[in-house]
Amino acid sequence: MVRHIDTDISTPLYVKNLETKHSQADVILVKGHKTGSVQLMVNLASKNPDVKPAQIKLTVRDKILLSPSGTVYISMHDSFQFGIEKWGEGVPIQIKLPNQQYSLQLCPDSIASAALDLNTDMGVVTGAKMGRGKVQLMDRNFNNKLKVQESTEIVVTEPSYIRL
């Protein structure tokens, strides 16, 4: 648990007054240490038997960006390398592949993903044939829909002209 007065978050005056007196208010801050899900249980400090503990399930996700993102157009046999940035404390950190926590994969429900070849160790995508597919950035700390952190759609097309 983190005290409000120890952060840069704007703190209501009554919370600030209680925390400076080493008391707790009705609002708490919780800081995640790694991605995943956790069950949080909160009890009143006064141990009032009429008030039951409250439980909530929290999900902690990283601020992570896949670059390029959105929709990318490439020609057949063209390739490019993905970049992954993790943001913490306002500072970006470059994630290198292969990585224990993060990986890239072709979207499994996209039949058209055959248009792409993905080197997962290097993060390099190559246009194998005409079509489209999606590359997803996965977080191995999740086992559900939250596993997909970011995605980029890639369209493999013929160039209409070349400008030199």
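Predicted model: local features only at pLDDT ≥ 70, side-chain atom pairs only at ≥ 80, totals over all residues.

Biologist: What makes the largest nonpolar core, and which residues have the most contacts inside it?

Modeller: The largest nonpolar core has 19 residues. F82, L104, V125, V135 and I154 have the most contacts inside it. Strands 3, 4, 8, 9, 11 and 12 each supply at least two of the core's residues.

Biologist: Which residues does L104 touch?

Modeller: Among them are L66, F82, L97, L118 and V135. G123 is also on the list, which leaves out residues up to four places away in sequence.

Biologist: Which residues make the covered face of strand 9?

Modeller: L116 and L118 do. D117 and N119 make the uncovered face.

Biologist: How do you know that strand 9 and strand 10 pair?

Modeller: Two strands pair if there are at least two bridges between them. Strand 9 and strand 10 have four, in the antiparallel sense. They therefore count as paired. N119 stands opposite V124 of strand 10.

Biologist: What lies between the two strands of this hairpin?

Modeller: Four residues. G123, in the turn, has a positive phi of about 75°.

Biologist: Why is L18 called partly exposed?

Modeller: Its relative accessible area is 31%. Buried means under 20%, and exposed means over 50%. L18 falls in between, so it is partly exposed. L18 lies in helix 1, residues 13-20.

Biologist: What makes up the nonpolar surface patch with L18?

Modeller: Y14, L18 and V27 make it, with an area of about 230 Å². Patch residues need over 30% relative accessible area. L18 has 31%, so it passes that cut-off.

Definitions and conventions
Residues numbered from 1 in each chain as written. Heavy atoms only, no water. Core = buried A, V, L, I, M, F, W, Y, C linked by side-chain atoms within 4.5 Å. Buried < 20%, exposed > 50% of the residue type's maximum accessible area, 1.4 Å probe, protein only. Contact = heavy atoms within 4.5 Å. Patch = residues over 30% accessible without salt bridge, like charges linked within 9 Å, V, L, I, M, F, W, Y side chains within 5 Å. Areas by Shrake-Rupley, 256 points an atom, 1.4 Å probe, with all protein chains shown as cover. Salt bridge = Lys/Arg side-chain N within 4 Å of Asp/Glu carboxyl O.
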